[in-house]
Structures are given as structure tokens and as C-alpha cells.
Amino acid sequence: MARQKRIKSETGIYHVMLRGMNKQQVFLDDEDNRKFLSVVSICKELSGFKLYAYCLMGNHVHLLIQEGEEPLAKVFKRIGDRYVYWYNLKYKKTGALFQGRYKSIPVNDDEYFISVLRYIHQNPVKAGIADDCSDYAFSSYNTYLNPYYNSLCDTDFALEMIGANEFNRIHKEPCVDNHLDINEKTVFSLTDDEAKNAFNNLTHCKTQNDFKNLPKDMQSAYVGLLKENGLSIRQICSLTGFARYSIYK
């Protein structure tokens, strides 16, 4: 099957997830986490991207990133090559560490940007490995509270958008929006309301007609994205107006 074309972000901002091959751990200790962040920092200087949020979660990574001088594909090749070389040398391993291509969703408006920001920071709480976002050392959350925590994350954009008080407030509330998740291939059910919310967030379409007015290649890419994010064939047909047979193709 041919690879699905990536959906281009209008803002250059993407929610990106990398995960370990066969869900294996890619960060086995604190040194691994620190090394990955060091690699990201080096590649940030080389590639000129902006990093608005990150969270390292043992067998996967979430990043909220904006393309700079180089496309994301080159950025993540740089990051992967450097970290995997170091990891394999340390653990006397060979071969790939990350599973396939990175997954990405475009972030095209302020509301969705803030929702993704919160979702990324709340990953450790959702996973039950931290009681509060601030308890987790390997996310960008504490950089927003203390600019001297590290210089990796570009915090000004979000803080100028909503302010420090609002940043603190929203992180006390759980993120209920549908986002890239480590279990996105796991079979799970979305209610029709959740499916509609995911459809609106992922495609930025409010109605079937909005979706049908998109270019054909973009429609196909969005259908693949909706499948990956847990919408059933029935729900996709209902929201997009596509016939069932065309979803299966």
C-alpha cells in the first residue's frame, strides 16, 4: 500500500509523535532522556525549528513543533540518526529504534494549539506516573513556570497568547480533545459526539459540504487520519459523506 500523503500545516506547526519499534522502550534511564533532549537542542540549532512543547514517555515522544529552515522529514532524520547511534552504542544494539515514520497532525489555529499543548503536558498524569504536570522532569511544563528550567522550549508564543494565569488554569483541567496517542492503533470506541469533535479538530471542517469542497488528495489523507484516531467506518461515512466501499479502499 502506498504511503498516505502528509497533510500540510498552514502555520508550519505540527503535533508530532515518535514511538519505539514494537512499543519498545526508547528511554531506559534518566541519561537516555537527557541525551534525547540534548540531541533535540543540537538539531534545533541546525534546523531552525521552534519547539513549543515536548514530553518523553518511555516508549514514545510528543512534540509540538514549528518548521523552520528545514522540512520536518529532515529534522526527524537528524534527530533519529543522532539519538539511535548513541543509544545502540550504549546498549550494544543494532538496527532501528523508532517505528516507521513519525506521526504528525497539523495545528492550524490558536484553540487547537493550546489544546495540544495541554494534552502533551498532561501525558504523565494521564499515564498515572505523575500526580501533577510539574512532578514530571522530562516535559516542557516546568519551563513555562520557570524560564531558567531549560532553554530548549520556546515559551513566549503560548504565554503571549493566553498569559501565565490562564496557562496554569487550563493545566488543572483534563484535556478531553482527541489527539495523537500511543494507543491510536488499539481498537477503542468513540461516541458519535467524540467522533464529531475529532472530525472538526482534525479536518477543520464543520459540515459534510466543507469536507466535500476539499481537494481529493486532502480528503483521502484526512480519511486515513480519522481512521488512525479511532473513528469507525460508520462514523467516517456519516461525517464525510463518503460511501463505505471508498473508505475501505
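The following legends describe close-up views of a predicted model.

**View 1. Helix 6 and its bend at Gly163.** Helix 6 runs over residues 156-170 and so counts 15 residues, yet its end C-alpha atoms lie only 17 Å apart, whereas a straight helix would reach 21 Å at 1.5 Å a residue.

**View 2. The buried residues of helix 6 and what covers them.** Within helix 6, the residues Ala158, Phe167 and Ile170 are buried. The cover over the buried residues of this helix includes helix 3, residues 110-121, and helix 5, residues 141-145.

**View 3. Thr143 in helix 5.** Thr143 has a relative accessible area of 3%, and because buried means under 20%, this residue is classed as buried. The side chain of Thr143 is joined to the side chain of Asn150 by a polar contact of 3.4 Å. When residues up to four places away in sequence are not counted, Thr143 touches Tyr54, Tyr149, Asn150, Cys153 and Thr155.

**View 4. The largest nonpolar core.** This core holds 73 residues, and those that touch the most other members are Phe36, Leu64, Ile65, Phe76 and Tyr83. Helix 2, which spans residues 72-91, supplies the largest share of the core, with 8 residues.

**View 5. The surroundings of Tyr83.** Once neighbours within four places in sequence are left aside, Tyr83 is in contact with Val26, Phe27, Asp32, Lys35, Phe36, Val39, Leu97 and Phe98. One of these partners, Phe36, is listed together with Tyr83 among the core residues that touch the most other members.

Conventions
Residues are numbered from 1 along each chain as its sequence is written. This is a predicted model: local features need pLDDT of at least 70, side-chain atom pairs count only at pLDDT 80 or more; totals for chains, interfaces and linings use all residues. Side-chain values use heavy atoms; hydrogens and water are left out. Helices (H or I, at least four residues) and strands (E, at least two) are DSSP runs, numbered from the N terminus. The bend at a residue is the angle between axes fitted to the seven residues ending there and the seven starting there. Buried means under 20% relative accessible area, exposed over 50%, partly exposed in between (1.4 Å probe, protein chains only). Contact means heavy atoms within 4.5 Å. A polar contact is a pair of N or O atoms within 3.5 Å; within protein, one must be able to donate a hydrogen and the other to accept it, and residues adjacent in sequence count only if both atoms are side-chain atoms. A nonpolar core is a set of buried Ala, Val, Leu, Ile, Met, Phe, Trp, Tyr and Cys residues joined through side-chain atoms within 4.5 Å.
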